[in-house]
Amino acid sequence: APHPTTLLPYAERIKLHSNPTARRILEIMDRKKTNLAVSVDVTSAAEALEVVKRVGASVCMVKTHCDIFEDFSPAFTEELVRLSKELDFVIFEDRKFADIGNTVSLQYSSGVHKIASWSDLTNAHPVPGPGIIKGLATVGQPLGRGLLLLAEMSSAGSLAVGGYTEQTFDMARKAGRDFVIGFIAQNRVDKDASPEKGEDWLIMSPGVGLAAKGDSLGQQYRTPREVVIEAGADVIIVGRGIYGVQGGEQAVKDEAERYRVEGWKAYEERLAR
Ligand code: 5FU
């Protein structure tokens, strides 16, 4: 039987969340009819902003890796935040924190990147234990930020499987949903969560592509239909499939719109089961 959460429209899930970022994501998804997140993994700030302008209207979220940019600066994040308001999307810095609570709180708030000051959403590996959530929450929760735990990965041979994945869900549950709002995962890892009891988690899946099956470094792709209907994920995350498409700026814009339509059709189909 399908997971009960996958039978609920995004709009009906807003009220099940207290975290402002979770609510905003679901509101945007409903308003813009999109479950698409674009990962902008390019090396210059100007190029990234160009991609964001092309895809912004089609997405609920823009995902970054801020340590990829050669010319990272506060001016870049200021412009990204401005675009996130103008074009109505959430910013997700895919930082994958993985250290003790004290260290991650400093990595999140400080350094060159000051991630918490501009990124609505970030993520963490559960491998250090629940202190990582506590550390990040001291910084992010007062700002209304959200956190995803990495319960599974899209890459071949990932060790985040089975008991690790189950314990990740247990860790999130114990932390509560004031700050942790969901998971990076390939499946509906929130197994027995019941929306009828008010429990709702956001599942976001990378490793999505319509053209390729994978790359030479272990990445594995599934189609939006496989991810949204079969696996029951809420958000599809696409990188090279969109920003890497041949044919220039208009092609990038068109490709984002193509993935938005695919993802939304799959969502409508899953609701109709
Ligand atoms: F947590 C994960 C994961 O399990 N797989 C991923 O691919 C994150 N990612 C990120 O999604 C990865 O770091 C890239 O930024 C993006 C996928 O990019 P692609 O170009 O669509 O393969």
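**View 1. The shell around the ligand, by class.** Six nonpolar, eight polar and three charged residues make up the shell around the ligand (Ala, Val, Leu, Ile, Met, Phe, Trp, Tyr, Cys and Pro count as nonpolar, Asp, Glu, Lys and Arg as charged, and the others, Gly among them, as polar). This is a predicted model, where local features need pLDDT of at least 70 and side-chain atom pairs count only at pLDDT 80 or more, while totals for chains, interfaces and linings use all residues. Residues are numbered from 1 along each chain as its sequence is written. Look for 17 residues surrounding the ligand, with Met153, Ser154, Pro206, Gly239 and Arg240 the closest (near means a C-beta atom, placed from the backbone, within 6 Å). Strand 8 (235–238) and helix 10 (240–243) are the elements that give two or more residues to this shell (helices, H or I, at least four residues, and strands, E, at least two, are DSSP runs numbered from the N terminus).

**View 2. Helix 3 beside helix 4.** The axes of helix 3 (residues 45–55) and helix 4 (residues 74–86) come within 11 Å and cross at roughly 0° (axes are lines fitted to C-alpha atoms, for helices over the stretch in contact, with angles from 0 to 180 degrees between N-to-C directions). The two helices are therefore roughly parallel to each other (angles under 35 degrees count as roughly parallel, over 145 as roughly antiparallel, 65 to 115 as roughly perpendicular and the rest as oblique). Ala45, Leu49, Val52 and Lys53 of helix 3 make the contact with Phe76, Glu79, Leu80 and Leu83 of helix 4 (C-beta atoms, placed from the backbone, within 7 Å).

**View 3. Helix 3 against helix 11.** Here the axes of helix 3 and helix 11 (residues 248–271) come within 8 Å and cross at roughly 50°, which makes helix 3 oblique to helix 11. Glu50, Val51, Arg54 and Val55 in helix 3 meet Glu249, Val252, Lys253 and Ala256 in helix 11.

Methods: Two residues are in contact if their C-beta atoms, placed from the backbone, lie within 7 Å.
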